[in-house]
Amino acid sequence: MGQPVVHFEIVGKDADKLQSYYSDLFGWEFDSDNPMNYGVVQREGNVTADGVGIGGGVGTGPEGYDGHVTFYIEVADVEAALAKAESLGGSRMMGPDEVMEGLVIGLFNDPEGHTVGVVKTAQS
């Protein structure tokens with residue numbers, strides 16, 4: 001069995017504007033009560049009748065960064081996943097970084113330059 005996609009992310013130049021856009025477009029409710037103003041969309045309330053769906057987030061990237069749209073795959077070891085991505089022709093963008101207690105992430109570009117995330121939570 002493969003590893004699951006557990007989170008989506010949209011990062012751009014103006015988190016407030018993007019959060020408003022996606023709220024109006026899809027009815028997503030954001031919780032941005034954190035130091036990074038990262039708008040979290042909880043999985044609950046954003047699933048199909050069969051319970052299919054994932055949570056995500058919308059935020060602002062660093063100064064001068066155009067942004068990305070990506071998804072995160074849950075892994076047991078972020079460093080090992082990043083190293084494997086590199087060994088297969090990808091390139092590490094960042095990580096592993098503990099972005100909050102119990103949440104470690106990394107980003108890499110696949111061989112064609114697409115941004116993909118890997119994540120380890122306290123539960124994984």
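Visitor: Where is Gln19 found?
Guide: In this predicted model, Gln19 is found in helix α1, the helix that covers residues 15-26.

Visitor: Is Gln19 buried or exposed?
Guide: Gln19 counts as buried, because its relative accessibility is 8% and buried means under 20%.

Visitor: And which residues is Gln19 in contact with, leaving aside the neighbours within four places in sequence?
Guide: With those neighbours left aside, Gln19 is in contact with Phe30, Ser32, Asn37, Tyr38, Gly39 and Val58.

Visitor: How does Asn37 count in terms of accessibility?
Guide: Asn37 counts as partly exposed, because its relative accessibility is 27%, which falls between the 20% limit for buried and the 50% limit for exposed.

Visitor: Let's move to the strands. How many residues of β1 are buried?
Guide: Six of the eight residues of β1 are buried, and the strand is therefore described as mostly covered.

Visitor: Which strands does β1 pair with, and in what sense?
Guide: β1 and β4 run antiparallel and are joined by six bridges, while β1 and β3 pair in the parallel sense, also over six bridges.

Visitor: What do side chains do along a strand?
Guide: In a regular strand the side chains alternate between the two faces of the sheet.

Visitor: What about the loop between β3 and β4, is Gly64 there buried or exposed?
Guide: Gly64, which is found in that loop, is exposed, because its relative accessible area is 74% and exposed means over 50%.

Visitor: How far apart are Gly64 and Lys13?
Guide: Gly64 and Lys13 are 51 residues apart in sequence, and their C-alpha atoms are 8.2 Å apart in space.

Visitor: Next topic, the inside. Which residues make up the largest nonpolar core?
Guide: The largest nonpolar core has nine residues, namely Ile73, Val75, Val78, Ala81, Leu82, Ala85, Phe108, Val116 and Val118. Two or more of these residues come from each of α2, residues 78-87, and β7, residues 115-121, and α2 gives the most, with four.

Visitor: Which residues is Leu82 in contact with, leaving aside the neighbours within four places in sequence?
Guide: Apart from those neighbours, Leu82 is in contact with Arg92, Met94, Gly95, Pro96, Gly106, Leu107, Phe108 and Val118. Another core, of six residues, lies apart from the largest one, and among its members are Ile10, Trp28, Val41 and Val58.

Visitor: How do β5 and β6 pair?
Guide: β5 and β6 pair in the antiparallel sense, over six bridges, and one of the residue pairs is Met100 with its bridge partner Leu103 in β6. The two strands form a hairpin with two residues between them, where Gly102 takes a positive phi near 80 degrees.

Visitor: How do its lining residues divide by class?
Guide: The lining of the largest pocket divides into 17 nonpolar, seven polar and two charged residues, and β1, β3, β4, β5, β6 and β7 each supply at least two residues of that lining.

Visitor: And the second largest pocket, which residues lie nearest its centre?
Guide: The second largest pocket, with a volume of about 200 Å³, is lined by 13 residues, and those nearest its centre are Ala81, Lys84, Ala85, Leu88 and Phe108. In that lining α2 gives the most, with three residues, and by class there are eight nonpolar, three polar and two charged residues.

Terms used: Residues are numbered from 1 along each chain as its sequence is written. This is a predicted model: local features need pLDDT of at least 70, side-chain atom pairs count only at pLDDT 80 or more; totals for chains, interfaces and linings use all residues. Side-chain values use heavy atoms; hydrogens and water are left out. A nonpolar core is a set of buried Ala, Val, Leu, Ile, Met, Phe, Trp, Tyr and Cys residues joined through side-chain atoms within 4.5 Å. Buried means under 20% relative accessible area, exposed over 50%, partly exposed in between (1.4 Å probe, protein chains only). Contact means heavy atoms within 4.5 Å. Ala, Val, Leu, Ile, Met, Phe, Trp, Tyr, Cys and Pro count as nonpolar, Asp, Glu, Lys and Arg as charged, and the others, Gly among them, as polar. On a 1 Å grid over the protein atoms alone, a cavity is a set of points where a 1.4 Å probe fits but cannot get out, and a pocket is an open set with protein on both sides within 12 Å along at least five of seven lines; lining residues have an atom within 4 Å of a point. Grid points are joined across faces, edges and corners, and a volume is the space filled by probe spheres set on the points. Two strands pair if DSSP finds at least two bridges between them.
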